[in-house]
Amino acid sequence: MANPLTLLMPVAPHADLIALAATVKENQPKLHAALTAIGTVHYARTLLLDRAVTNLQPGISPSKAYVLAVITEYDGSFDKYIQDFVKEVGPIFDALLRFVDGAEKLIPVANNTSAFTAFIAQNDASQHDLNQGLYQAYDATVQTILASLP
């Protein structure tokens, strides 16, 4: 059974969005390799949302209400997933957290695992009662699916 993570991180009001976008882009290959190494992630994506507009779509107008979202579905427990995240994706989060409001104290995440785990739990929209619905078309793990491929 997969579990959802919808991590919503408020972007610091004076963050350089061009630099944030470049950081996300330049870390994509490393992120993909790290998630493959973790071996429990079904899907993962990052989104930039703008709370200042009704449809949350970031636009060309400046806004001080951006949110960086990391959305994944993973196998296993939350604690194991976060431990794997810190081990494999920690340096990528170190780069991203520079843009997140109030996250300086989490960097480097490898030295702040407990605080990072608490931060993720606090900012994981999937853990709130109203957001508990996750449809899953199958109950196979990532490893079972990969093993069944030709």
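## Report on a predicted model

Asp75 lies in strand β3. The model described here is predicted.

**Asp75 and its surroundings.** Although Asp75 is buried, it has no salt bridge. Lys80, the nearest side chain of opposite charge, is 11 Å away. A polar contact links the side chain of Asp75 with the side chain of His42, at 2.6 Å. Apart from neighbours within four places in sequence, the residues in contact with Asp75 include Met1, Ala2, Asn3 and Thr40, and also Ala140, Thr141 and Val142.

| Partner of Asp75 | Relation to Asp75 | Distance |
|---|---|---|
| His42 | polar contact between side chains | 2.6 Å |

**Overall fold.** Four helices and three strands form the elements of the protein, and from the N terminus their order is β-α-β-β-α-α-α. The radius of gyration is 16 Å, close to the 15 Å that the globule rule gives for 150 residues, so the protein is as compact as a globular protein of that length. The C-alpha trace spans about 45 × 35 × 30 Å along its principal axes. Of the 150 residues, 40% are buried. Among contacts with a separation of 6 or more, 71% join residues 24 or more positions apart.

**The largest nonpolar core.** This core has 32 residues, and those touching the most other members are Leu7, Met9, Val89, Phe93, Leu97, Phe116 and Phe119. Two or more residues come from each of β1 (2–10), α1 (17–38), β3 (66–75), α2 (78–97) and α3 (113–123). The element giving the most is α2, with nine residues. Not counting residues up to four places away in sequence, Leu97 touches Met9, Ala103, Leu106, Ile107, Val109, Phe116 and Phe119.

Terms used:
Residues numbered from 1 in each chain as written. Predicted model: local features only at pLDDT ≥ 70, side-chain atom pairs only at ≥ 80, totals over all residues. Heavy atoms only, no water. Core = buried A, V, L, I, M, F, W, Y, C linked by side-chain atoms within 4.5 Å. Buried < 20%, exposed > 50% of the residue type's maximum accessible area, 1.4 Å probe, protein only. Contact = heavy atoms within 4.5 Å. Lys, Arg positive; Asp, Glu negative; His and termini not counted. Salt bridge = Lys/Arg side-chain N within 4 Å of Asp/Glu carboxyl O. Polar contact = N/O pair within 3.5 Å; in protein donor to acceptor, adjacent residues only side chain to side chain. Rg over C-alpha atoms; globule rule 2.2 N^0.38 Å.
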